[in-house]
Amino acid sequence: MLDTDGLLRDEKTAAWMEAAALALVPKRCRVPEPERFAARVSVMELGPAQLSANLFTPFSCYRSPRLVRQSDPELYQLAVITSGRQSIEQAGHHASLEPGEMIFYDSSRPFEAAVGTDGDGRGGGSLMVQFPRELMPLPDKVVAPLCGSRLSGSTGIGHVFRQTLSALADTETDLTDRDRARLGTTIVDLAAAVVARQCEQTSALVPEARTEALYHEIRAFIRRHVDDPDLTPPAVAAAHCISTRTLHRIFQTRGETVSGTIRAERINRCRRDLADPGLRAVPVGSVGARWGFPRASDFTRAFKAATGMTPTVYRASLQEQGS
């Protein structure tokens, strides 16, 4: 982790910028108020990819053609803005970004970027993934027009990618090397799917990457619609324009079932509501109905199979613990 806390002298700011350039992509930075500059970068290595959580007070930076010639790690970068206003210019494109939006850029091309503040005067933050250009399954002539362009993180695979980065950034450091490698491959596949969707080249992705992206989209769809009692495997398949057989195969390769995933999501929501002191007056049957179990007997049976106790006993046990 690279960190500066509080007020910095000019030379300490310069030292931090040099360290940050080594951790991320080499560039030159300009700080309007060096004595007030503060920054925080947490880096997580994920096999072929690197995830960094960044937070800065206002500054600007540039990567000149000379810097590109001197040092080019040949990385693609996809960043999700989490706070503040930020901007970037690359390959003739200029994007001004707000929280929730994404930006795609390339270390092999010069760029200029700036980090501003939010409405409360706080600095700008982002979650950024960088990975080798050679892992991008799309040709450069297809990817190049997107450099410096704004991408949406509010719907579809963009939303899945943004949520995945947020979850990873909150993960404790108990991941094994194998976990990190597997997650890195998943992140690269999702990043490629985001880019492919933006340039309408999803068919150019390798089958494994398409399947991985589709799996995560389906999981996100299930989470969004888990309260619908009509959420069934055929309904999920139809919503994604695939056959039910294909849907089952996608989950089977991961040792999962579609029905089991839906049921587990519903049980988790029910457990949360049953444990909520503010919902003690809500009948157990109503809790089940809220999350896709319209029949009380079906809810009781499914809940007991998952937790070893009925919903009523589960709620009562938590109340006893809290008393």
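Residues are numbered from 1 along each chain as its sequence is written. In this predicted model local features need pLDDT of at least 70 and side-chain atom pairs count only at pLDDT 80 or more, while totals for chains, interfaces and linings use all residues, and side-chain values use heavy atoms, with hydrogens and water left out.

Colleague: How many helices and strands does the chain have?

Modeller: Helices (H or I, at least four residues) and strands (E, at least two) are taken as DSSP runs, numbered from the N terminus. On that basis the chain has 12 helices and 12 strands.

Colleague: What percentage of the residues in the chain is buried?

Modeller: Buried means under 20% relative accessible area, exposed means over 50%, and partly exposed is in between, with a 1.4 Å probe and protein chains only. The chain has 323 residues, and the buried share of them is 44%.

Colleague: In what order do the 5 strands of the open sheet stand?

Modeller: Two strands pair if DSSP finds at least two bridges between them. The pairing in this open sheet is antiparallel, and the order of its 5 strands is β2-β5-β10-β7-β8.

Colleague: Which strands stand at the edges of that sheet, each with a single partner strand?

Modeller: A strand with a single partner has one side left without a neighbour in the sheet, so it stands at an edge. The two edge strands are β2 (28-30) and β8.

Colleague: Which residues form the covered face of β7?

Modeller: In a regular strand the side chains alternate between the two faces of the sheet. Strand β7 covers residues 86-90, and Ser87 and Glu89 are on its uncovered face. The covered face holds Gln86, Ile88 and Gln90.

Colleague: Which residue in β10 is the bridge partner of Gln90?

Modeller: β7 pairs with β10 (residues 111-115) in the antiparallel sense over 5 bridges. Gln86, in β7, has Val115 as its bridge partner in β10. For Gln90 the partner in β10 is Phe111.

Colleague: Which residue in the turn of the hairpin of β7 and β8 has a positive phi?

Modeller: β7 and β8 (residues 93-97) run antiparallel and are joined by 5 bridges. Gln90 stands opposite His93 in β8, and 2 residues lie between the strands of the hairpin. Most residues other than glycine have a negative phi. The turn residue with a positive phi, about 55°, is Ala91.

Colleague: Is Glu217 buried or exposed?

Modeller: Glu217 is found in helix α6 (residues 207-224). Its relative accessibility is 16%, so Glu217 counts as buried.

Colleague: With which side chain does the side chain of Glu217 make a polar contact?

Modeller: A polar contact is a pair of N or O atoms within 3.5 Å; within protein, one must be able to donate a hydrogen and the other to accept it, and residues adjacent in sequence count only if both atoms are side-chain atoms. Contact in general means heavy atoms within 4.5 Å. Leaving aside neighbours within four places in sequence, Glu217 is in contact with residues including Gly156, Ile157, Val160 and His240. The polar contact, at 3.0 Å, is with the side chain of Arg197.

Colleague: How far does helix α5 reach from its first C-alpha to its last?

Modeller: The expected span of a helix is 1.5 Å times one less than its number of residues. Helix α5 (residues 177-198) has 22 residues, and the span expected is close to its reach of 32 Å.

Colleague: Is Cys241 buried or exposed?

Modeller: Cys241 lies in the loop between α7 (233-239) and α8 (244-252). Although not a glycine, Cys241 has a positive phi of about 55°. With a relative accessible area of 74%, Cys241 is exposed.

Colleague: How far apart in space are Ser152 and Arg162, C-alpha to C-alpha?

Modeller: Ser152 lies in the loop between β12 (149-151) and α4 (156-169), and at 40% relative accessibility Ser152 counts as partly exposed. Ser152 and Arg162 are 10 residues apart in sequence, and in space the distance is 9.7 Å.
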